[in-house]
Number of protein chains: 6
Amino acid sequence: MSVGSKVGDTDIDFNIDGKQTGFLRLPYSEHDDAWGVIPVPLAVIRNGDGPTVILQGGNHGDEYEGPIVLGEIIRDLDPASVNGRLIIVPALNLPAVQAGSRVSPIDGLNLNRTFPGDPSGSPTQQLSSWVNDELFPMADAFVDLHSGGSSLSIVPSAIVEPSDDPALTARNHEAVAAFNAPMSVVISNRGDTRTSTASAVRAGLVTVGTEMAGAGTVSPEAVKLCRRGVNNLLHHFGVFKSADASPPVMGTEQVFHELGRNAHVLTEDAGVFESFHALGSRVRAGEAAGRVHSLSDPRKPPVELTFWADGVVYGLRHPGRVRPGNCCAVVASPCE
Amino acid sequence: MSVGSKVGDTDIDFNIDGKQTGFLRLPYSEHDDAWGVIPVPLAVIRNGDGPTVILQGGNHGDEYEGPIVLGEIIRDLDPASVNGRLIIVPALNLPAVQAGSRVSPIDGLNLNRTFPGDPSGSPTQQLSSWVNDELFPMADAFVDLHSGGSSLSIVPSAIVEPSDDPALTARNHEAVAAFNAPMSVVISNRGDTRTSTASAVRAGLVTVGTEMAGAGTVSPEAVKLCRRGVNNLLHHFGVFKSADASPPVMGTEQVFHELGRNAHVLTEDAGVFESFHALGSRVRAGEAAGRVHSLSDPRKPPVELTFWADGVVYGLRHPGRVRPGNCCAVVASPCE
Amino acid sequence: MSVGSKVGDTDIDFNIDGKQTGFLRLPYSEHDDAWGVIPVPLAVIRNGDGPTVILQGGNHGDEYEGPIVLGEIIRDLDPASVNGRLIIVPALNLPAVQAGSRVSPIDGLNLNRTFPGDPSGSPTQQLSSWVNDELFPMADAFVDLHSGGSSLSIVPSAIVEPSDDPALTARNHEAVAAFNAPMSVVISNRGDTRTSTASAVRAGLVTVGTEMAGAGTVSPEAVKLCRRGVNNLLHHFGVFKSADASPPVMGTEQVFHELGRNAHVLTEDAGVFESFHALGSRVRAGEAAGRVHSLSDPRKPPVELTFWADGVVYGLRHPGRVRPGNCCAVVASPCE
Amino acid sequence: MSVGSKVGDTDIDFNIDGKQTGFLRLPYSEHDDAWGVIPVPLAVIRNGDGPTVILQGGNHGDEYEGPIVLGEIIRDLDPASVNGRLIIVPALNLPAVQAGSRVSPIDGLNLNRTFPGDPSGSPTQQLSSWVNDELFPMADAFVDLHSGGSSLSIVPSAIVEPSDDPALTARNHEAVAAFNAPMSVVISNRGDTRTSTASAVRAGLVTVGTEMAGAGTVSPEAVKLCRRGVNNLLHHFGVFKSADASPPVMGTEQVFHELGRNAHVLTEDAGVFESFHALGSRVRAGEAAGRVHSLSDPRKPPVELTFWADGVVYGLRHPGRVRPGNCCAVVASPCE
Amino acid sequence: MSVGSKVGDTDIDFNIDGKQTGFLRLPYSEHDDAWGVIPVPLAVIRNGDGPTVILQGGNHGDEYEGPIVLGEIIRDLDPASVNGRLIIVPALNLPAVQAGSRVSPIDGLNLNRTFPGDPSGSPTQQLSSWVNDELFPMADAFVDLHSGGSSLSIVPSAIVEPSDDPALTARNHEAVAAFNAPMSVVISNRGDTRTSTASAVRAGLVTVGTEMAGAGTVSPEAVKLCRRGVNNLLHHFGVFKSADASPPVMGTEQVFHELGRNAHVLTEDAGVFESFHALGSRVRAGEAAGRVHSLSDPRKPPVELTFWADGVVYGLRHPGRVRPGNCCAVVASPCE
Amino acid sequence: MSVGSKVGDTDIDFNIDGKQTGFLRLPYSEHDDAWGVIPVPLAVIRNGDGPTVILQGGNHGDEYEGPIVLGEIIRDLDPASVNGRLIIVPALNLPAVQAGSRVSPIDGLNLNRTFPGDPSGSPTQQLSSWVNDELFPMADAFVDLHSGGSSLSIVPSAIVEPSDDPALTARNHEAVAAFNAPMSVVISNRGDTRTSTASAVRAGLVTVGTEMAGAGTVSPEAVKLCRRGVNNLLHHFGVFKSADASPPVMGTEQVFHELGRNAHVLTEDAGVFESFHALGSRVRAGEAAGRVHSLSDPRKPPVELTFWADGVVYGLRHPGRVRPGNCCAVVASPCE
């Protein structure tokens, strides 16, 4: 039996016990297929009453550790170990995932700048509306598994989305600490309200983001960190019957960092960026961050870029080529 | 005074002493510029008689360590330290370099599959013809500085191009050993005769290739290795008056590896590749190399790939996305 | 004298008798033409008071029978035969029609997913707003002539758009029966409210859709059916003075079909689809519909697809190539 | 210190005296740069209290005289000559300016059809929202420097945007007369409310537009006219301490023209347009404007186009190629 | 063990008995995969000495019946039934087949205009060189299974490629008659020497082509005809031990047709083509073939096209849209 | 009756008297039309024995004066006025002409860099082979009518192609003088042998080129000059019976200019070019030619460009945008 949603059909019933795996079928009437669908993978694993946690991957299509780990959970997790309900969307922006692209090849949109979405909009806007309008109301917690994507290498980390409600912010901090990543970072995306985590927080859900490596590749180490962190989180949220699941890994107490206004090192010149520091290095404001080479005119000396904040090198641009406005490095500063 | 070549003009005179920096101006009559040129950077540093060495970067446009190091030499090297002549082409396929692309955006060609070139062909074919027909006859040695490019991470290494003439092959081995890279590898590109190094060997030049890191980024460590290796090579070729240049770095004796017929691990499935081994690991034929995940259908278990040769993991695919036929890993085996 | 509309100009006066043929000139300020227009063909044929019927083609740009028949009416119909008013828009999404594409090459939009439109939006949104906000209020009935388009072959048929108002639904049934197509089908487009017919029904107009063959070609038989059906409809609506027009063709009583939730046969695999049944065949749920071949790996056996409903094969995918989510076959079931 | 805006950051403080030059940094999270910005050039030159005038160029990216003149003012104007405040945005739609394109290569939008903009929309919509929501409220007057763009050659002219408020319309006339261009023209863009000048007038600002030559090139004469006109305007607005700035150039009394409903000569045929009249010629309704040649079939005689209004040839299509709907010529008629 | 070819590797040994299925791995060094391959499917089924027949599909990537039938033979044929050797290449231009495109998306080339190929050329040229230089010398007969492709619907037919050698032409006629298609047609492609069949004939092979339906779709009837015809041909060539294979289907004596100089009905106008005749109809020179409608200007009457030869309607353009030079219909005339 | 050529068919017989107008139909088997042609317009006007002159336009697709004038001759010239034969190809690279592009949209080639062509190559190469191999052997003289194209404005001029044979060079000078353009210029295209005029000279034909205005537009003045010049030339070649044709216009004695090695002013910077001199101005080496503005960073002062030769400003770049290597101005110097 097919169960409708505002934007598509699915065979999955969110309210029955057991493991169901299938698709949200979003109708998309394009030149090449008037009556076809975008089949977004969807799994529900439920065992009686208990908290509901949404695990999401593929918000961006070139960030792979989250989708890999969520695929393992979908195939391997025994519903008997569960207490409550997992809603797993491992490849949300499916067209982007199939293209290995941050943005959707269909409408060119970055899903994470489309919340709260629009059920009558383009496919990416319909998908964010599905998450915001249909999934969030069913859930207690939301986990959005990102990596750095094609343009950035990032220190593997769990992310706090701040809320206007201090109590919710505190609960987000606790959940991020439970994930137990190498770094825990508060990121408000310069206040952008169009992200999935900002939207989840507005909906009152305990919310955790991640940044697992990046550079558009799969990092075997980050896959392990992500697998462990999600397991830790599910214990933290109480969705595991502890006797039946692998135990959480306890870490040392987390020191939280944040990205301030001066975190980003931007280039004003085109060329090729060479970093002077590895990811994770400690740096100071005023120190040289790297230099931009003009390969097409070797007579020109390279231009040096400077850090504007003290802290740790949290992210580095991956592609060699840069043009004015590109972010070359990002510094995370200890939270005050 | 402008000096002609078969394919373009340049203000540089290859036969006078001192340092000259300018461009080969290759006419390219396109829609947007009927009478314009492609300005390929070119430098000649000459001091009296002595060997002529060609230093080339930007054969592919997304391999950056070579062009960065050659830019430093162009700006910083004192001609008084030189004994003979350096011809430096740091960004040969300029349109590809400006695009950060392996292939030229103008004609879609991989310059390293166009040798010996064609002076009446498309721009990339004209450029390979310039190197083959005009530069090679002036030179004793040729150094082609590659990195892994956007699709591959490679162990930094110097490359032997084998020749039908055993004496030349031996001299190529000696030069590669002098470069003193972390690995020295014999690569015949499956016998392809259309590469610049195969072409240089046919012309009788002592020839050295490199693969410096890759992944379409700049590796600060590989920049250092490349800088040191080129300095070593120039000492080896006798182009430096030793009193005036930084001394070469002596290494341990090089163990040579080679890429055999079974070196390449290809996928027959589409998905996302996760490697099980880091670059430089020792592996055996039959061992699992990694697995390919189907993110669009998490019900499908990943497909495992297997090594077909014993040796060292020399290269790994960088982008997560794969489709059938993609090379996911490369094993270098010790030379017999 | 030029008469304005909210989105453009036209020389046509909707309120005078006789035949006028011209264009809605929609300003479109693009790179190549800052002050140009999109000239959407428009005709009004009026003779005194009487019902107003809108005849529309070119909602999608690769569906040709409707526009061909409407062009004949525009050129050949004697206004003296008319009783009331015909508003004829034979190529509504003109840029799509000129491109032979379902969607507009200008903004990538499927016009039939943009209703009710936006007069300040992109050209396709402006066109749907023109139909919805300016044409619908003038009319009593609306006929939207579709064919299957590039991706589908469909049994020539007239379509009932259901309304929340049972009386209007009944009148739509009567009009569809009058069209007298080989099949009459109720299609709600999975409840999508963004189509022109859903919008017309909301505006209270008696509404008829069609699907005339398809596959992105012109079917000579479907041209004849469409010509006859439109003539029948205009008699039904009372817009013809019967003495002056070719008489309607009476058919047998129509049996109505509908597309249910399980009508669509979707593939989960990529490859090439081979149907086992011709259009119009009777099939049963559980029966094999066809198979998907993997041409790039002939070792893999083809994957069989299954019908999920009893009924008649109403539509078949035309292009051989399929990817996951594509609609391969559609079954129409008798209305209950 | 970085100062926020709703859509981005800038280091510029609008409220301090002196000359500041920098960028509005609009975050744009794309595939190639997740955390980068679009750096829109911005300058503020302020000296005490006095009127605030916004000078804008680069609304379209292929209109160059305005940006060139504004760059001169930014580099050369002594703040001591100023009385009040200049807010200068010389290349508003920066991605379009860098591409030399009327519309943005990022979202395909014509900025001058996106007002009042949307701070949560695409980059072009965010930019128009910044101008409308953040700059307009700070200002008394607005000057939007256009040229004809790639598709049109236009008589250099200053433009009156009419207002519903006759007093504001009168002040716009006075300001346009002060600019002292070869022609002064009233253009309402067929009533389109989505332009920057229509939006400025709605905000109550005295508003002046221009059209300086065009054809996607730089006209040295138009650069001089634009330089002189802007200087005249700033005197008119009282932003110059007259003792310290070059004096305004007095012209003869302006005769105002307007573009009426019949101003545009559109082609209904594809081919190549040959004009019969030079820019600035006096013509009459019914006179031949030019002809459209079918180069692909020389057997066909050319098709003649006709003027529909009396007046002066104000604009001519620049590219030879035309297709149906293209605007080939524009006639400005004396205001009544 | 990997066996080399001039253009790539394969694991298949052409000289051993039994059934082998694998790939020709053509190295293709592109931006996204420096060391990857194009894996062209290849099978060899051999049983002792006897004739060698090449069965080829996927010369064009949007013609599906041949590849489907060859996939069945590869999976299902018992080598024990064979007498001699079958070399089966079911999807020769693999990149085109994967794209569902006549031409390769890699180099834009129509493989059937690249013979005799170039082992140092682009991938499509390398593939035709492989067939011409490496496969043809091993074989006695060559079968190239085409359909009409995306642009044409064609009467299912077997094709005679004429030779300068009358004896070979006669043997080609016999083989075509044995295929026993609904029509047998002599096509010389206006004398073009760059096709695979022209090249096979030059190499002295008995050669059969086909055209199985077309329109870029899969015709279930044509699949059956193709399956039967290939079985017939293999019996004719003596590659089947008759006791072990399904018997050939005997037909009536074939009447041969040919495409003469006046066979093609070309349009000189753009618009949408409506045919007046179904495939297979008998027509006469001077008769109307159909008409071209101008949908963008319904005031224009359609333009009629005329046949220039007597005969049978052998092919019809499939896509509705036409532009000048397009082939709308093709007439096959009885051979004299 | 259809007459073959090596690359296509035509209904035109080059050897009969009278006026024939039709097409060379070049077969081009593309995805969208397997059996269609490129219909290149072709006319032959012959009256008895006498010289044969080829008149060619549309070598580049964005140069319009020549094709317009040749269309007039095709439609209007009375064969009775002719003495000998005119072969007129007004739109040689038809796909480029239809696209308004210098290069062919089909294969990306600039036809004027493909001579002597290749009858088995891509369409543009086939067209140059047709001109070189089939038309040149029939003719005594060749006229190739160019304009500046989209990227250049050029002083209307007739062009001498120099020959190795001084006698032929002299005859080319005489013919160019007879054309009687505002300037007469010797251009060797930096010695490029791949142009149509270089090829015609190699074939021994008296050869005249032109450059009529440019900028991708139609110049009414240049149309008149071109019309007059072609008439003059045909008188000069003796193809007109003087009594029956409009008389030639006698000019003052021509002063010849040439483009030397230092004629071209190239930019090394990206930005927008502003010329300091109008076309036709006299300038000196060392004088400032113009400046390049950085619109994206107004803090940077513009960069000045310098002339390298004395003479007349013969050409100016039209598009405002420049990137390194673009030709901004061209100086013609008096011949020595």
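Predicted model: local features only at pLDDT ≥ 70, side-chain atom pairs only at ≥ 80, totals over all residues.
View 1. Chain B and chain D do not touch either. For chains B and D, the nearest C-alpha atoms are 12 Å apart.

**View 2. Chains F and D: one copy turned onto another.** Two copies of a chain are related by a rotation about an axis and a shift along it. Here, a rotation of 180° superposes chain F on chain D. The shift along the axis is 0.0 Å, and the RMSD is 0.0 Å. That is the relation of a two-fold axis. The same surface serves both copies, as 100% of the contact residues of chain F recur in chain D. Look for A215(F) beside the axis. Of the residues of chain F, A215(F) comes closest to the rotation axis, with its C-alpha at 4.4 Å.

**View 3. Chains B and A: a contact surface.** Here 40 residues of chain B are in contact with 40 residues of chain A. Focus on the side that belongs to chain B. Five elements of chain B each give two or more residues to the side that touches chain A: β4 (37-47), α1 (65-76), α2 (94-99), α6 (220-237) and β14 (271-275). The largest share, six residues, comes from α1(B). By class, this side of chain B has 22 nonpolar, twelve polar and six charged residues.

**View 4. Chain A: two domains and an annotated span.** The domain assignment of chain A gives domain 1 (3-257) and domain 2 (261-334). Their centres, taken over C-alpha atoms, are separated by 31 Å. Where the domains meet, 13 residues of domain 1 of chain A are in contact with 13 residues of domain 2 of chain A. On the domain 1 side, β8 (152-154) and β10 (183-186) of chain A each give two or more residues. β8(A) gives the most, with three residues. By class, that side of domain 1 has seven nonpolar, six polar and no charged residues.

The UniProt annotation, from an unreviewed entry, reads "domain: Succinylglutamate desuccinylase/Aspartoacylase catalytic" and covers residues 49-236 of chain A. That span is 37% helix and 18% strand.

**View 5. Chain E: an open sheet of four strands.** Follow the strands of chain E in the order β17-β16-β14-β19. The sheet is open, and the pairing is antiparallel. Which strands stand at the edges? They are β17 (303-306) and β19 (321-322) of chain E. Each has a single partner strand, so one side of each is left without a neighbour in the sheet. Now take another pair. Strands β14 (residues 271-275) and β16 (residues 288-293) of chain E run antiparallel and are joined by four bridges. F273(E) stands opposite V292(E) in β16(E).

**View 6. I106 of chain C: a loop residue.** I106(C) is found in the loop between α2 (94-99) and α3 (123-135) of chain C. Is I106(C) buried, exposed or partly exposed? I106(C) has 18 other C-beta atoms within 10 Å. Buried would take 20 or more, and exposed 12 or fewer. So I106(C) is partly exposed. Leaving aside neighbours within four places in sequence, I106(C) is in contact with P95(C) and P123(C). I106(C) and N326(C) are 220 residues apart in sequence. In space, their C-alpha atoms are 25 Å apart.

Notes. Residues numbered from 1 in each chain as written. Chains lettered and ligands numbered in written order. Least-squares fit on C-alpha atoms with pLDDT ≥ 70 in both. Contact = placed C-beta atoms within 7 Å. Nonpolar A, V, L, I, M, F, W, Y, C, P; charged D, E, K, R; others polar. UniProt positions renumbered as here; feature names shortened; annotations may be inferred. Domains from an automatic or database assignment. Pairing = 2+ DSSP bridges.
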